[in-house]
Amino acid sequence: MRRTIVLVSGGVLLAAALTTAPAAGARIAPPPRPDAVEAPGPATVPGSAGVPGPAGVPESVDVPESVGVVIAARNAARRGIDWAACPEGWGLAAPVQCGRVTVPVDYARPFGASIELAVDRALSTGTPEEHQGALVYNPGGPGGSGLRFPVRSTTGAALWTKTAKAYDFVGFDPRGVGHSAPISCQDPREFARTPKADPVPGGEADKQAHRRAARAYAAGCLRRTGAAVLSQMTTPNAARDLDVLRAALGERGLTYLGVSYGTYLGAVYADLFPTHLRRMVVDSVVDPSPDRIWYRDNLDQDVAFETRWTDWETWVARYDGVYHLGATVPAVQARWQRLRAAAGAHPIGGAVGPAELIGFFQNAPYYDTAWAAVARVWSRYAAGDTQALVDAAAPDPSDTAGEASAENAGAVYTAVECTDARWPADWRTWDRDNTTLNASHPFMTWPNAWLNLPCATWPVPQRTPVDVRSHPGLPPVLIVQSTRDAATPYPGALALHHRLAGSRLVTERHAGSHGVTNLVNPCVNDRVDAYLLTGTLDAHDVVCGPHAAPAPTAP
């Protein structure tokens, strides 16, 4: 559940009409002409009943979504993917190749409006005998792009060498993300404007201002994206897209690696398409329990962030001789509070207030690979280098592409989480829960609350989450999780493990970096390789020691 809190101003509201225009630049195709509709042929999607979809069916016809995905997958299997050099400006050089896969906006209307998903791949580096197909990746979010994943196969990085011999590495932009009909909720320049209001309210007036911002943001989602698209920004639809991508790749069974939100996408896929799954690794797991998606999951996250924040402060204090930020956790925390207060009174460099500080400093509880970098910037600021902190925490005003990318990621995050599930509509519930939680877990509680508050007044219908369960034909799933993960707390892995019969859990104890499979820890890495290469799992769950602790670097 990766999020860039510093850039989100919040938003929500009811309103507008179904004819609201989609985001500027969105690649949304008009409905096909009746004589252009591709009817399903005699071949069938694995595990399907081969549901027909005759040519000439009106684009407005409604079918069950389970039928719509069969039709879309069969058409994708027939068409395949036209792989070519990636478009200029995508930053993806050869040997990475790019293509597109067409999916319906609404699977209940498979002959209606469609969008194109951007897909890329790096071919396997092994022999034909070693080749096992495609490994499809999702990095999380919601709102993250997977297009950088194939690059791992081209760099020769030791961690992925064995897997790259066996698989084509495939990444994609999910619906609404990046190059896949991007959605929008706010003008990117306004989204990036700093300094934002302090997320920790000083009183009722501050709360009311944040609530107004949340309503305005949601209204912008409806106005800039349109109800027809916004209402289809759900995890089940992303899972259906994933099955269409599987078919377009020519894969009878999906081999999948999902991290963070990508674990929830994978879990929903496993529930909807158990017989279409070949192997699945889920890393840093969202609790998929319907009563926790998404309101309770975010409250749980606030508690875990406080724990991991303290872990980082403990590390900083241990290396006070390097960073000079305090020799004890209370001393480091007191310095943090002074920094927040100073930025609140006078934004640093005119651009970095408390919201921007949190947006930068939250990298430390997310990833211990960021511990030294964050401490180094703070230490340099404490020694008088103000520009170091401004450069790290404030957006680059000349980076208009970055502004658009950040705004799009925030829009998708909001759209998916708000549409996936019902959220409390009564402000008193939010106020009570977050006021209580903030008293003991202040680092992320109120920033997270405002980020998600648009869901309280979301302008399109909110769905009932999938009750993820095992179904006949589901293969064993490998779950990987660290015990002190802040973004996806450890109980989420236990919950998914309980729900997926035959799954195995590899736990990295006394560690908390978000995303374990891309870190060097042979106890974890060897098991991921064995599973992806041979389908082998341990007979029992496994507990590994932590990966190497980060080393301090001089400011």
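I looked up Cys455 at the outset: with a relative accessibility of 2%, Cys455 counts as buried, where buried means under 20% relative accessible area, exposed over 50% and partly exposed in between, with a 1.4 Å probe and protein chains only. I note that this is a predicted model, in which local features need pLDDT of at least 70, side-chain atom pairs count only at pLDDT 80 or more, and totals for chains, interfaces and linings use all residues. Residues are numbered from 1 along each chain as its sequence is written, and side-chain values use heavy atoms, with hydrogens and water left out.

**Entry: Cys418 and Cys455**

I found that Cys455 is joined to Cys418 by a disulfide, with S to S at 1.9 Å; a disulfide here is a pair of cysteine sulfur atoms within 2.5 Å. The torsion about the S-S bond of Cys418 and Cys455 is about -80°, so this disulfide is left-handed. The pair links distant parts of the chain, 37 residues apart: Cys418 lies in helix α16 (residues 400-420), and Cys455 in the loop between α18 (445-452) and β9 (478-482). Helices (H or I, at least four residues) and strands (E, at least two) are DSSP runs, numbered from the N terminus. Cys418 is buried, at 0% relative accessibility.

**Entry: Cys523 and Cys544**

I then turned to the disulfide between Cys523 and Cys544, where S to S is 2.0 Å. The angle about its S-S bond is -70°, and the link is left-handed. I recorded Cys523 as partly exposed, with a relative accessible area of 23%, whereas Cys544 is buried at 2%.

**Entry: Cys86 and Cys98**

I also examined the disulfide of Cys86 with Cys98, S to S 2.0 Å. This link is right-handed, with 90° about the S-S bond. Its partners sit in distant parts of the chain, 12 residues apart: Cys86 in the loop between β2 (84-85) and β3 (97-104), Cys98 in strand β3. Cys86 is buried at 12% relative accessibility, and Cys98 is buried at 5%.

I counted four disulfides in the structure. With the bonded cysteines of the protein chain numbered in sequence order, the pairing reads 1-2, 3-4, 5-6, 7-8.

**Entry: nonpolar cores**

I looked up the nonpolar cores, each a set of buried Ala, Val, Leu, Ile, Met, Phe, Trp, Tyr and Cys residues joined through side-chain atoms within 4.5 Å. The largest has 86 residues, and Leu242, Val244 and Leu245 have the most contacts inside it. Leaving out residues up to four places away in sequence, Val244 touches Val69, Ala72, Ala73, Ala76, Val101, Thr102, Val103 and Tyr107; contact means heavy atoms within 4.5 Å. Another core lies apart from it and has 36 residues, including Ile348, Ile358, Phe360 and Trp371.

**Entry: helix α11**

I checked the length of helix α11 (residues 329-345): at 1.5 Å a residue its 17 residues should span 24 Å, and the end C-alpha atoms are 24 Å apart, which agrees. The expected span is 1.5 Å times one less than the number of residues. Within α11, I found Val332, Gln333, Trp336, Leu339, Arg340 and Ala343 buried. They cover an arc of only 115° around the axis, which puts them on the same side of α11; the arc is that of the directions from the helix axis to the C-beta atoms. Pro330, Arg338 and Ala345 are exposed on the other side. The buried residues of α11 pack against α9 (295-318), α12 (354-361), α14 (371-382) and α15 (386-393).
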